[in-house]
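This report goes through a structure model from confidence to domains, chain contact and local detail. The sequence and structure come before the text.

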Amino acid sequence: MRAVLLAKDQISVLLAALLQGRKLFAPVDDGGVIAFRQVDSLQEVVLDYHNSTVPPKRLFFPQTETLFRYGLEGEQLALAEPQPASGEKVLFGVRPCDARSFTLLDRVFTGGNHCDGCYQARRENFTVVGLACTRPRAECFCTSVGGGPFSTAGSDVLVTDLGTDYLVEAVTDKGAALLEGLSGGREADEDSIRRRAEAQAAAEAALRGEINTEDVKLKLQEMWDDPFWDRLHEKCIGCGACTYLCPTCHCFDIVDEGSEQRGRRVKIWDSCMFPSFTLHASGHNPRPTGKERWRQRLMHKFRYWPEDHGEVGCVGCGRCVVDCPVNLDIRQVLHDVEALAKKVE
Amino acid sequence: MMTAENPYLPSPMRVEKVTVETEDRSIKTFDLSFIRTEDEQAFRYLPGQFAQLSVFGKGEAPFGIASSPTTSGLLQFSVSRIGLLTRALHQMEPGDLVGIRGPLGSSFPLQDMEGKDLLVIGGGFAFTTLRSLINYVLEKDNRGRFGKLTVVYGARTPGMLLYKDELEGWRQRSDLEFHVTVDAADNGWKGRVGVVPNAVSDVAPAADNTYAIVCGPPAMTRYTLPVLEKLHFPPERVVLSLEMKMKCGIGMCGRCNIGSRYVCRDGPVFTLAELRRLPPEY
């Protein structure tokens, strides 16, 4: 695969090339909130960020999405589907943890017996350019959950900041095609590959506190009734911020907006941390308190995901740690589960 | 992977008939017919499966299919008036339009049940998909594929029994052993009185070569399972159907899981052996 070395100031050449005939989505600073938006000019793009405040998953799995519009007239039902996304798009500057989250969401929305065609169309229209993570945050733990600061999973191209220049590497055929028209820069040499390896080693070394997710899974399989759950949730206020900021959380609600005659059916993000999430119409609720809901959130990511897909449902981005209003730290929770496992032994 | 499509598009159906089933008018059966022939041909289901019914402007909810696939031309759903959507459904009249997505979920394990005796145990409103199964088994072409059919069905009062005309027909048949019981009798009731678990205990069907299929309120199920155990039914041959709040119906929206299994995708039909391997969260 092609690898190109670009001088630092030439990144604008790359971005300008990407803008030609494509829609470019890149991180922008919106009053202190870093988020992925469509950009029209290169000046808007922010590249010196740790990670975006909100994950880019909404580009494929929007927070609110019209499934169809309906109109009823007598015996006639008219359903209008949204137009499938069209046109080539580039998502630039995604950190490897978030890029990897796309491969997990793919399993949910396109990997089973049913396929969400709208999600799939959006995925296919996008080429993902990852930005290697040379300065992980204190809250990051990607290497504990099967990822890494230089992981290429989910990226078509990986860009690495080497200090004086950028190394731009094609990861997939789609990524190679994106780089085909790129002029400027020079082919990567041995020195740049060596510097890349050094940057990777430094970034990995900065990620401390490994968690053994296999041990966690095995322990979770036997601690359904453990008193551990009685205390864990007590601090939690059930705000759901952890799930809304999570790049792999995929739960949603479906609601109708409109009258009986016309309106739309909408798919909208939901959260397992909310009491109404599992509340039956009869009043019965299989997860009536924060205890059951926290157990579900942890079990889903670290027991059910591995059982179902062979991978944990967490990419270690640390957003739920950074933004939890009561400082519940999922890494500490996992370490506590590990400690329980050791105690039994 | 299936071809990319919008899995959330419902097909239109017309309400043909509305039958009030119970004396308190809380349960109605809706006969629905497809508007488009291609939708009717595509809707191939088996007893135990469910579908999502839409009332436009109100939303969608999952319902077990009460008709048997051997009945062509219409689908039936028996709906208890309990929440927002079921209230809206109960106001529907013949000629009104609803939407449907399905069939969804697993059916009763008909292939495994072939050649076996069947013990069908139902209580209250959950009898709907069992009724589908009974009518499927009683169909002339299917009857020979299964052994003896025993049905134990209970309701709180005689007025709360579903499908009363049909029950009368089953009573007359010789290829079906039918036991009806009510928790509390009224003046006209000449039949059995008592709860379903006791009736099962009295009837005491042999467990050899028999599948027990159990659908009912949680209390009925809880007290019936020990009776079946005492009768030596192995958990692999005890079949249950679960209810859970659902939205997508296709294993994506994340709310109906029990452990790593989704009730919509991997159920709603499970054997007791399967359920015992899952966390008790339902």
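Chain B has a mean pLDDT of 94, and 99% of its residues reach 70 or more; pLDDT is the predictor's confidence in each residue, from 0 to 100. For the complex, the predictor gives an ipTM of 0.92 and a pTM of 0.93. This is a predicted model, in which local features need pLDDT of at least 70, side-chain atom pairs count only at pLDDT 80 or more, and totals for chains, interfaces and linings use all residues. Residues are numbered from 1 along each chain as its sequence is written, while chains are lettered from A and ligands numbered from 1 in the order in which they are written.

**Domains of chain B**

Chain B is assigned domain 1 (11-104) and domain 2 (110-241), with bounds from an automatic or database domain assignment. Taken over C-alpha atoms, the centres of the two domains of chain B are separated by 24 Å. In chain B, 16 residues of domain 1 are in contact with 14 residues of domain 2; contact requires C-beta atoms, placed from the backbone, within 7 Å.

**Contact between the chains**

Chain A gives 46 residues to the contact and chain B gives 34 residues. On the chain B side, strand E1 (11-20) and strand E4 (59-64) are the elements that give two or more residues. Strands (E, at least two residues) and helices (H or I, at least four) are DSSP runs, numbered from the N terminus.

The table divides two contact sides by residue class. Ala, Val, Leu, Ile, Met, Phe, Trp, Tyr, Cys and Pro count as nonpolar, Asp, Glu, Lys and Arg as charged, and the others, Gly among them, as polar.

| Domain 1 of chain B, touching domain 2 of chain B | six residues | eight residues | two residues |

**Strand E4 of chain B**

Six of the six residues of E4(B) are buried, that is, with 20 or more other C-beta atoms within 10 Å of their own, C-beta atoms being placed from the backbone (exposed: 12 or fewer; partly exposed: in between). Gly59(B), Ala61(B) and Phe63(B) point one way from the strand, and Glu60(B), Pro62(B) and Gly64(B) the other way.

E4(B) pairs with strand E3 (residues 50-55) of chain B in the antiparallel sense over six bridges; pairing requires at least two DSSP bridges. Gly59(B) is the bridge partner of Val55(B). Three residues lie between the strands of this hairpin, in which Gly57(B) takes a positive phi near 95°.

Definitions and conventions: Contact = placed C-beta atoms within 7 Å.
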